Structures are given as structure tokens and as C-alpha cells.
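Thanks for coming. I will go through one structure today, starting with a ring and a charge and then moving to a sheet.

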Amino acid sequence: MDEKKENRSSELLARALNQEVPRRSFLKGLAVGTALATVAPSKTAEAFSLSDFFKKHYKELSPQEKTAMLARIEAETKKRYGVDVKVEDPPPMNGVEFVYCLNLSKCIGCRKCVYACVKENNQSRDPQIQYIKVLEMPKGSLDVHEGNMYYDHAEVPQKDKFYMPVQCHQCKHPPCVKVCPVEATWKEPDGIVVIDYDWCIGCRYCEAACPYEARRFNFTDPKIPPEEINPNQGYLSNRIRPRGVMEKCTFCLHRTRKGLYPACLEVCPTGSRKFGNILDPNSEVRAVIQHKRIFVLKEELNTMPRFLYFFD
């Protein structure tokens with residue numbers, strides 16, 4: 001252990017032994033200069049434990065440490081919700097870069113993708129956190145500022161409107177990653193930008209940096225009826241998040257890294273959504289890119305999204 005890490009650990013230990021301090025709140029104080037006096041004891045699920053407090057960064061964990069960590073999360077979920085879950089950590093596959101394509105000619109704005117995402121990813125129901133927002137757009141315009149995400153019609157689609165779902169664009173150059181002060185978010189080899197919820201300090205810098213408004217901050221402990229909890233969970237995706245961290249779409253990596261489609265695609269009634277490996281010459285997304293007119297939102301920012309739009 002180098003001198004810097006040793007000093008940090010000593011300081012953390014001394015403070016932890018004197019007061020029960022939520023780990024992420026404590027590190028937030030260190031990272032962004034918040035006065036330590038604002039750190040208060042917690043009685044939530046994130047309350048102090050030595051194993052959690054001194055957990056290393058995800059990228060530094062050994063396979064044995066990951067196994068122990070997943071078992072701890074499963075046990076905590078059982079204790080809190082009374083539900084048996086399986087938490088896995090599927091790695092990126094070699095030779096795979098995921099891309100999402102969305103056909104705006106076919107999307108009808110039914111929002112089934114929104115609610116399938118909520119269910120699949122164990123998002124809080126009250127208040128409900130949604131990773132996908134569907135904009136109702138006037139035909140002839142691609143200016144998202146003219147979109148209405150609060151439409152509530154008895155029937156869709158409406159005349160002279162089209163619908164634009166927006167979610168995490170999994171940018172090749174993600175601004176959200178650059179601004180994170182504790183490296184709690186990063187881009188994986190398959191193109192998916194992930195968040196280590198245990199490492200996130202909830203400073204919300206990434207939320208401010210994202211030009212697509214794709215990140216969500218959970219202000220309260222997630223409320224999910226036990227019978228609605230998806231037991232098939234991924235450490236970097238849909239496991240139940242603690243209060244006070246950032247979360248977002250991960251292209252359902254707990255599914256897609258096993259060869260399945262994202263939940264939002266499977267539920268789409270019109271076939272608007274296409275997903276796959278851009279490096280595979282026979283993939284649907286490769287065909288879309290080769291034969292359709294593709295556009296991305298806010299191209300001028302050079303974030304190079306992996307979420308692409310097209311019309312027939």
C-alpha cells in the first residue's frame with residue numbers, strides 16, 4: 001500500500017471508529033470539499049460496516065472479493081425485502097460493441113418501453129424513476145426543446161406528431177465520466193457507461209454534464225413491492241440501488257451480455273428498436289447504419305453516441 005492510500009485508510013478508520021458515518025457521504029465530503037460537519041449518522045441500508053466502508057474500487061477487486069461482495073448484496077436484499085435474488089457480474093464480451101438504433105417512423109409513443117425498463121431494472125416506484133423519456137414532437141422538427149414528455153392522450157399516436165424516446169446514449173466520449181471526482185463511472189469495452197453504486201458519492205456532477213439528461217438521482221430509499229422485484233440482477237446494472245446515488249440505462253447489460261435483448265426492445269409493439277453488435281457484419285444495427293439515414297442528437301458536441309435515430 002503506498003503512502004497516500006495508507007494515510008487515507010488511517011484517516012477513514014479513525015473517523016469511522018468515533019462515529020457511524022455513511023461511507024459515500026464521508027467520501028463526498030473529502031472529494032468535493034463539503035464540510036465534514038454536515039455528515040450525519042445514517043439509519044438507512046447504507047449504514048456503516050467495516051467491509052462496506054473499506055470496499056475497494058470495482059476495478060481493483062479480485063474475483064474472490066467480487067464473489068464475496070455479490071453474496072453480501074444478495075443477503076442484504078433478502079434481509080430487507082424478504083426476496084431471494086441472484087446478483088451476477090457478467091463481463092463485457094470480446095469483439096462486441098453495442099449500438100442501439102431507433103426507427104422514429106415506427107415509434108407510436110405508447111411508453112411500453114418506459115415501464116418495461118422500470119420493471120426490469122428495479123427502479124423505485126414511489127417516486128417512480130424512469131430511465132427513458134418519450135418526447136412527443138411536432139412533425140417537421142428535430143429540436144428536442146419542442147418536445148413534450150408529459151403528454152397524456154387517450155390514444156397515440158396523435159395527428160401531426162411523432163415520438164422520440166431518449167435514454168442514455170452510451171457516448172464514446174462521455175462527458176459524465178470526465179467530471180466524476182471519484183471515478184465511480186466509466187466506459188466499458190463494449191461501449192456501455194456504467195456506475196458503481198457503492199462508489200458513487202451522489203455529487204450529481206455527471207447529471208449536470210450529460211447533454212441528454214439521461215442520469216437520474218434517487219433522493220429517497222427505493223420503494224419496490226417485494227413481489228415486483230426482478231430477482232435476476234447485475235452488479236453494475238439493475239441491482240437495487242442505495243439512496244443518494246446516480247443511476248441510468250445500461251442497455252440492460254445483465255441481459256445483453258448474455259445474448260438477450262434489452263427489455264425495452266422486447267416489449268416494443270412496433271419493432272422500432274434495433275440493438276446489437278456493431279462489429280458483427282451481419283447484425284441488424286450494422287444493416288441499419290449501412291442502409292438508412294442515421295442521425296444523432298446534439299452531434300455538434302462530438303460525444304459520439306451509440307444511440308442512433310433513423311427514419312424509413
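Which residue lies over the face of Tyr-197, and at what distance from the ring centre? Arg-241 does, at 5.8 Å from the ring centre. The criterion for a charge over a ring is that NZ of Lys or CZ of Arg is within 6 Å of the ring centre and within 35 degrees of the ring normal. Arg-111 lies over the face of Tyr-151 as well, at 3.7 Å from the ring centre.

Before going on, the conventions. This is a predicted model, in which local features need pLDDT of at least 70 and side-chain atom pairs count only at pLDDT 80 or more, while totals for chains, interfaces and linings use all residues. Residues are numbered from 1 along each chain as its sequence is written, and side-chain values use heavy atoms, with hydrogens and water left out.

Now the sheet. Helices (H or I, at least four residues) and strands (E, at least two) are DSSP runs, numbered from the N terminus, and two strands pair if DSSP finds at least two bridges between them. Four strands form an open sheet in the order E10-E2-E12-E11, and the pairing is mixed. At the edges are strand E10 (273-277) and strand E11 (293-295), each pairing on one side only. From one strand to the next, the twist averages 30 degrees. E11 pairs with strand E12, residues 307-311, in the antiparallel sense over three bridges. Phe-295 has Tyr-309 in E12 as its bridge partner.

Helix H10 (residues 284-291) packs on this sheet and touches strand E2 (98-103), E10, E11 and E12; contact means heavy atoms within 4.5 Å. The direction of H10 makes about 110 degrees with that of E10. Axes here are lines fitted to C-alpha atoms, for helices over the stretch in contact, and angles run from 0 to 180 degrees between N-to-C directions.

Next, the rings. There are 13 aromatic pairs in the structure. Rings of Phe, Tyr and Trp (its six-membered ring) pair if their centres lie within 6.5 Å; planes under 30 degrees apart count as stacked, over 60 as edge-to-face and the rest as tilted. Tyr-100 and Phe-307 are a tilted pair, because their planes are at 40 degrees, with the centres 5.1 Å apart. Tyr-100 lies in strand E2 and Phe-307 in strand E12, so this pair ties together parts 207 residues apart in sequence. Tyr-100 is buried at 0% relative accessibility, where buried means under 20% relative accessible area, exposed over 50% and partly exposed in between (1.4 Å probe, protein chains only). Phe-307 is also buried, with a relative accessible area of 0%.

Phe-295 and Tyr-309 form a stacked pair, 5.5 Å centre to centre with 25 degrees between the planes. Phe-295 is buried at a relative accessible area of 18%, and Tyr-309 is buried at 0%. Ring pairs link these residues into a cluster that includes Tyr-100, Phe-295, Phe-307, Tyr-309 and Phe-311.

Asn-277 lies in strand E10 and counts as buried at 15% relative accessibility. A polar atom of the Asn-277 side chain lies 3.0 Å from the backbone oxygen of Gly-95. Leaving aside neighbours within four places in sequence, Asn-277 is in contact with Gly-95, Val-96, Glu-97, Ser-283 and Val-285.

That is where I will stop.

Technical notes:
Polar contact = N/O pair within 3.5 Å; in protein donor to acceptor, adjacent residues only side chain to side chain.
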